[in-house]
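Welcome! Below is a short briefing to read with the structure open beside you.

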Amino acid sequence: MSRIVVLLSLSFCLSAQTKFEFWPGTTYDPAVPTARKVLGYHPGERISPHANIVRYMEALAAAEPRRMKIYDYGKTWEGRRLIYGVIGSEANIRRLDEIKDGIARLSDPRKTTDAAARGPISSLPVIVWLAYGVHGNEISSSDAALMTAYHLLAARNDKLVAGILAKELVIIDPLQNPDGRDRFIHSFEMGEGLEPDSNPLAAEHTEPWPGGRTNHYFFDMNRDWVAMTQPETKGRIAAMLEWRPQVVIDLHEMGTDSTYYFAPPADPFNPNMTKWQRDFQTDMGKGNARWFDQYGFAYFTRDTYDAFYPGYGDSWPVYLGAIATTYENGSTRGLVVKRPNDLTVTYRDTVRRHFVSSLATCETSATHHDALLEHFYQYGKTGVEEGSAGPVREYILPRRGNTSAVDKLAQLMVEQGVEVRRASAAFTTEGKHYPAGSYLVSTVQPQKRRVKNLLDLNTLMDDKFLKSEEDRRKRRLASQIYDVTAWSVPLQFNIEAVPAAAASTVDSTPVKLGDNPAGKIEGGKAAVAYMVPWGTSGAARVMTGAMRAGLRVYGSDKAFVQNGRTYPAGTLIVPVKENPESIHETMAKLAAANGVDVVATATSWVDDGPNFGSRYAPYLKKPAIALAWDRPTSGNSAGQTRFVLERQFGYPVTPVRTQQLGTADLSQFQVIILPEAGFADGGYADVLGSGGVRRLKQWVADGGTVIGIGTAVQFLADAKTGLLPIQQESRVPEASPASGDSHKPSSEDARPAGKAFAKEADFEKAIQPDSELPTSLRGALVRCKVDREQWITAGVPDTVYAMVSGTSIFTPIKIDHGVNAVTFAGPEEVLASGYMWDEYRKQLAYKPLVVVGRNGRGVVVGFTADPNYRAAIDGLNLLFLNAVFRGPAHGSTGGRGGE
């Protein structure tokens, strides 16, 4: 259908309304191009794709080069540009480098005294960062970004705009998620008809799997600011560290039945926020409210959206010293929608609301120019003071265990803008010994609060809020916690972060981005084999790299000793004679690139443990991996699983639409991974069909390895599937029913037997459900115990940590059917970080995280919690990789056979 027809149809719908003005009474400079002139449509008339957004931003900058500059800060996985525009007065645009330098000095009180800060506070502009469209299907903000840029550049004789540009630099990031937005627009345009349809059930409003919310790898990038896994996030954080804004607004959308949300946020708050930051969020909300009241826009505050998790786009900048918050706009998910209250809302209406809140934010920031810069300076100053006087002066990251993860955390801290140093020699602090190369993270630095947020083992919520949560749980009301309650990076990586009351005195050097220790070959050119000690992420990358290079690799299921050195279970053995002459060069490159010390050996003789040629050192065939794709899988889980394998460990995956798995020739794969699944589509059983389930079972029986993640374990455990003999548990009742408390109908009629309640407690017992799932848990980090005698736990330490959420608790597998390779710890130690209901904690204790079963000649692995959650739980990488790459070696393809 012609787009012209749609434009005419929408224009006809809008023409019946009075003349539309985004900011009534404004006269615009005709020298500044309008969206209509550049793009062919008015703001809000179409949903602008990425190409049009970049095109218009560049057109504005070309028309006003003395007041606007465009910067690139990266590219998406699909190659789309990530840009932002800087808008200011001519005088400020001429001195951008001076402004950045001044703000950087103001952010560090070790370089700038109170007296020296007074000049920059009065002379520097406030930097306001407006970020739009991190969720691709939250569409109105990016078109509002274009209108905001146009208004700031083109509005004539406007005192509000003049005041803003005199005191601010406004940075507009118009589209944070180009891949997701263009995916949404493609879906929307496929569903369009003769005219825009306001029925929310219309195809143009509904998206096929996985929807446009996420990026190419289906990451919710509004949850990626702690782990920093995606190029969009990395580029954005690098840009923010360059500019160090004082105000950051992240503009979103919510459901079509909602109005508009802005600050102040709901409880709980992160305790590392300052009181002034919390108070000013209210000022920001009041500034918005004044304009929303004037224009008759409905809004709400203090509901739904909390400020606890520090990994949102509106919370990460808080720990840079900014005032940051989110704005949420009721979406049309198209060009027009009819809401449940019978109001019809156009896309243009929603664009205008985000435009108005953007300008209101700029106005409030200009009004409070001096206070914002003063408190920005004080934020760094009080951070240093708190670090100097507090109980923790330094966190030590010992470089031992999974040294790859330790190095990665140090690099992550540097990427986050935190100062990190590397010890030049072994040292002792507070009676504890640490190896050379360990990392030191001082709290006596401006980013002290970010250091605590990332490295503390736990961040506590307010007791009053938790009491309210418990009350809601008992009444079966939804939790008010918006996201996870735990994010401690050392726990997620399963490494140490030791708090010390005094700073270490060892010589150390600053850690720079990309400054990772290189690996090497020990022992020169191997005569018999190269051995790669297992237990680090780097060793896993050597394995995948060797496989992709065509090398034959074996893996020892048990520890062994050679020349007095103990090699852990899982150690890789790459024999020289079975591989091409290039093996020596290949292994040297892999060792150096992955920071791994590979050992060359001239003998296969071992002093203890299994020999290289034993049945305990099976051949690890390069597996072909199929990943269930499309419904019913969770896009997040599927994408994150693929990302971990492809981008973190460099191994390709074949995503296969789940429905095709039911009819395809599965013999071409050695491994099939079933990500978490939703149940709106009926789950795996419905999508595969009975025939597909039978084919999957036969493939496993013939020697395949199937891995179920999270809710996919329910499918494997279902009696009709019969692949994993465990069961999902119902909730354990909080109290046993009172004696004689029976409500079964009598034999004479359908009415229950009567009973008198002697006290209110009897009534409370009577209204409890007969059976229900455990109360859904918001994400908490839990402690797990590892059975290290199993092949799947090779190289894994005694304790690991998993992110647990939802309602899935499973019974352990019986000893005659399989092994519970990893189980949750006992009730008093299972909760490592975050918040967990007391009943959930008791029920979760000793239940399985990783279950391994056999079916015929094949292997079945169930992870009851997602090991690839947000690609952030690095401490579970080896468990997952063992399942993927060692599983086939313990099915029909095991042993020392050939290809």
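**A first look: helix α26**

The buried residues of α26 are N877, L878, L879, F880, L881, N882, A883, V884, F885 and R886. Here buried means under 20% relative accessible area, exposed means over 50%, and partly exposed lies in between (1.4 Å probe, protein chains only). Because 10 of the 10 residues of helix α26 (residues 877–886) are buried, this helix is largely enclosed by the rest of the structure. Helices (H or I, at least four residues) and strands (E, at least two) are DSSP runs, numbered from the N terminus.

Please note that this is a predicted model, where local features need pLDDT of at least 70 and side-chain atom pairs count only at pLDDT 80 or more, while totals for chains, interfaces and linings use all residues. Residues are numbered from 1 along each chain as its sequence is written, and side-chain values use heavy atoms, with hydrogens and water left out.

**Another helix**

- Among the buried residues in α13 are H369, L372, F376, Y377 and G387.

**Aromatic pairs**

- The whole structure holds 46 aromatic pairs; rings of Phe, Tyr and Trp (its six-membered ring) pair if their centres lie within 6.5 Å, and planes under 30 degrees apart count as stacked, over 60 as edge-to-face and the rest as tilted.
- W77 and Y217 form an edge-to-face pair, because their ring centres are 5.3 Å apart and their planes stand at 80°.
- This pair links distant parts of the chain, 140 residues apart: W77 is in the loop between β1 (68–75) and β2 (81–87), and Y217 is in the loop between α9 (178–191) and α10 (231–243).
- W77 counts as partly exposed at 28% relative accessibility, whereas Y217 is buried at 3%.
- Y260 and F262 make a tilted pair, 6.2 Å centre to centre with 55° between the planes, and both residues are buried.
- Y260 and F262 also belong to one aromatic cluster, whose members include F20, W23, W291 and F355.

**Charges over rings**

- K100 lies over the face of W243, 4.7 Å from the ring centre; this requires NZ of Lys or CZ of Arg within 6 Å of the ring centre and within 35 degrees of the ring normal.
- R278 lies over the face of F269, at 3.6 Å from the ring centre.
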